[in-house]
Amino acid sequence: MLWEDDVKDDQTKGPVIGRRGLIMGASSLGATGLVSGKLGMPYIGNAAAAEPIKIGMIWAKTGTIVDQSEYLAQGSLLALEQRNNMLLGRPAEIVWLDEPNPQGAQQNAERLVGEHKVVGIVGGALSSFALAISAVAKKAKIPYIAANAATGDLTGKSCNKYTFRLQPPVDVHARVLAPYCADIGKKWYLLTAAYAFGQDIKRAFSEYAAANGCTLVGADEVPVGTPDYSSFILKIRAAKPDVVIGGIAASDLTTFLKQWNELGMRGRIPFAEISVGNTDLWGVGPEAADGLYTLTWYYKNPNNPPEEQAMAADYEKKYKRPAADKTWMGWMGMKNLLDAIERANSTEPAKIVEALEAWSVKRGDIDFGYRAFDHQMVSRLLVASIKPKITDKWDYFDVKAELPATPSGVARAFGNQAESICKMDSL
Amino acid sequence: MLDMILSQAVNGLVLGFLYVLIAVGLSIIFGLLGIVNFAHGAFFAIGAYLALVLNREFGWWAALLAPLLTGALGVLVEIVLIRRLYGKEPLLGLILTFALALLFESVLRMIFGGAPLPFAAPRFLSGFVEYGPILITKYRMFVLAVTVAALIGFWAFLTYTPFGRIIRAGSRDAEMVGLLGINLPVVFSFVFGIGCLLAGLAGMLAAPLWTVNPTMAAGAIMPAFVIVTIGGLGSYAGAIIAGLLVGLTTAMTIQFQPEWSGAAMYVLMAAILLVRPRGLFGEKWERFE
């Protein structure tokens, strides 16, 4: 920080911003934001009972994950629109704030609670953001649904009574995809992002490799937002692995796959990754798309329940494009929270948490709901590969299987209470 | 291992040329107009999106118009906004161009959505060539050739043409050049347009390699600022040398310590600035003292 006293000597050299000016400027900006925020969301009511119920939503408006966030946010907004923006017989509105980085996510979660008085929060597009929001949820005792983050910590060592997680954690994805990778070959190369999500993938696949006779011929951690992967790809090429296992997300994955194809690696060494978003592949284009993946949801899966098919139809009607997996995650996370508020018949945090713990629907032969002991949603995953020839600009995947196949397999993949490191606190 | 180092070195230099192309427009605008153009990355993104649209509607050759259109937009921005800043507080330029960067990103998001859009290199540039351990794709060779041609062309224009001499003289002493009866506002519009044209050219060339989304400017602007700082603010030759150094350093760091690759260029910048605070080729310019 530049203090006024420090810069006085430099004043002959040009204009400087003094401390007072900086504070006044920041105050003005803050006041402007406050006023425009109020003006931007008018609600005219004449009784306390008609005050809108506010739901907090934190999806990135900037940064590398913004590609996915657009769909996450649209899904979340759709969930409330499908209820005609009403909750408990009162108007309801979503307050959407940005998550430019973990610190920003934390500050905006605090703003949602302190300034906007929201009754619950949905969001956290990246694992690091979700962990930051989760810490606020715990401290402020506000229900929070992490709909996209996959790091194990959220429902593991950092679990808490107010945080619920929709996306299966990295370990579950890895248990589903790793056998497919082992079938391709025993020499693996790991290319993972240098933050919680990527590090979890590195650990999970390294453990599987060690336990199942596979060898790691290379493992690189990649900084978020890397614009050029050619040097990483040259290393992979020299290491000659049987399969490359990725752990890079969103636009980073898009960039990697474009350059993977450009350097002639597509079709030469198989590429696999867990928990990718449809948008990541749509941005790659049909000429360069490649790989074997786990998906949380796919709009063309014939096993989607009628309610989800209706959501996909509503979304396509409104946005003139198919619902992405992230649409579903944003929609389902918000729907869970809204359902819980209705079921609790209250906006009291403790009652919403209890309702979320009790929220469950039958999906095929498993109970689709949050486990009480770690607040992890239990669901199946899709294993899908890129179609050999893509003719529809939205339909990139051939779904190979919905796994684990049996309820006992699902239970094993998610692990039980004895295996969990979550030490759940109380309300 | 020697093979791998050689392979990475060549790859790093090719990557460096792409960085040079991004940075040189920024360097020209600062060196000749004294404006730190925070919106440079936005012009890079606009170049990529224009190329994408022209390619989709009319084919790949039409995409070559994208840099020209980006340059024309730059001229318009200079006439409407930037020229009001000459001789004013440098802070105003920073604020205005930063606001422009945010505005352009929002406009791109409004028109094209936030999701990435596919854009592939033309078929005749797909594939790669191998010389022993060295692998270079045809498309990167094309980028290299275009960059070198653009750099030589602009250098020759500045050095050997009367208009180039006016630009250089105007950047040193605008008042004197104006007193000689030369219409400097037109010259400055042209310079800003050229800087934006180079950003648009870099965006067009990067589009088949990078993710085309509204935030792609962020991936371009930081290396560009680092390169301009290392090379010396406003130095044409400095931007070229610094771009190649950054490409080489990044590639070597990926080979030996990949998790540090994101920080490598900043460490390089810090090390060079410690030894030479003006950057490698930074000059003492009276107008900036």
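**Figure 1. Two helices of chain B, α10 and α12, side by side in a predicted model.** Here we look at helix α10 (residues 216–231) of chain B and helix α12 (residues 261–275) of chain B, whose axes come within 10 Å and cross at roughly 20 degrees. Angles under 35 degrees count as roughly parallel, so α10(B) is roughly parallel to α12(B). As for the hand of the crossing between α10(B) and α12(B), it's left-handed.

**Figure 2. The residues where α10(B) meets α12(B).** On the α10(B) side, the contact is made by B:P223, B:V226, B:T229 and B:I230. Facing them from α12(B) are B:M265, B:Y266, B:L268, B:M269 and B:I272. Sort the residues of this contact by class and you get 8 nonpolar, 1 polar and no charged.

**Figure 3. Helix α10(B) from end to end.** With 16 residues at 1.5 Å a residue, α10(B) should span 22 Å. The C-alpha atoms at its ends sit 23 Å apart, which agrees with that expectation.

**Figure 4. What covers α10(B).** This helix is mostly covered, with 12 of its 16 residues buried. Among the buried ones are B:M216, B:A217, B:G219, B:A220 and B:I221 in α10(B). B:P223, B:T229 and B:I230 are also buried, and these three belong to the contact with α12(B) as well. B:G231 of α10(B) is buried too. The packing partners of the buried residues of α10(B), all in chain B, are α1 (2–33), α2 (40–58), α5 (90–112), α11 (236–256) and α12.

**Figure 5. Chain A on its own.** Over to the other chain: chain A has 14 helices and 15 strands. Of its 427 residues, 51% are buried. If you take the contacts in chain A with a separation of 6 or more, 68% of them come from residues 24 or more positions apart.

**Figure 6. Where chain A touches chain B.** The contact takes 39 residues from chain A and 36 residues from chain B. On the chain A side, at least two residues each come from α3 (66–81), β8 (215–222), α8 (230–239), α9 (250–262) and α10 (278–282) of chain A. By class, the side of chain A that touches chain B has 14 nonpolar, 16 polar and 9 charged residues.

Note on methods:
Residues numbered from 1 in each chain as written. Chains lettered and ligands numbered in written order. Predicted model: local features only at pLDDT ≥ 70, side-chain atom pairs only at ≥ 80, totals over all residues. Axes fitted to C-alpha atoms, helices over the stretch in contact; angles between N-to-C directions. Helix = DSSP H or I, 4+ residues; strand = E, 2+ residues; numbered from the N terminus. Parallel < 35°, antiparallel > 145°, perpendicular 65-115°, else oblique. Left-handed = near helix turned anticlockwise from the far one by under 90°. Contact = placed C-beta atoms within 7 Å. Nonpolar A, V, L, I, M, F, W, Y, C, P; charged D, E, K, R; others polar. Expected span 1.5 Å × (residues − 1). Buried ≥ 20, exposed ≤ 12 C-beta atoms within 10 Å, placed from the backbone.
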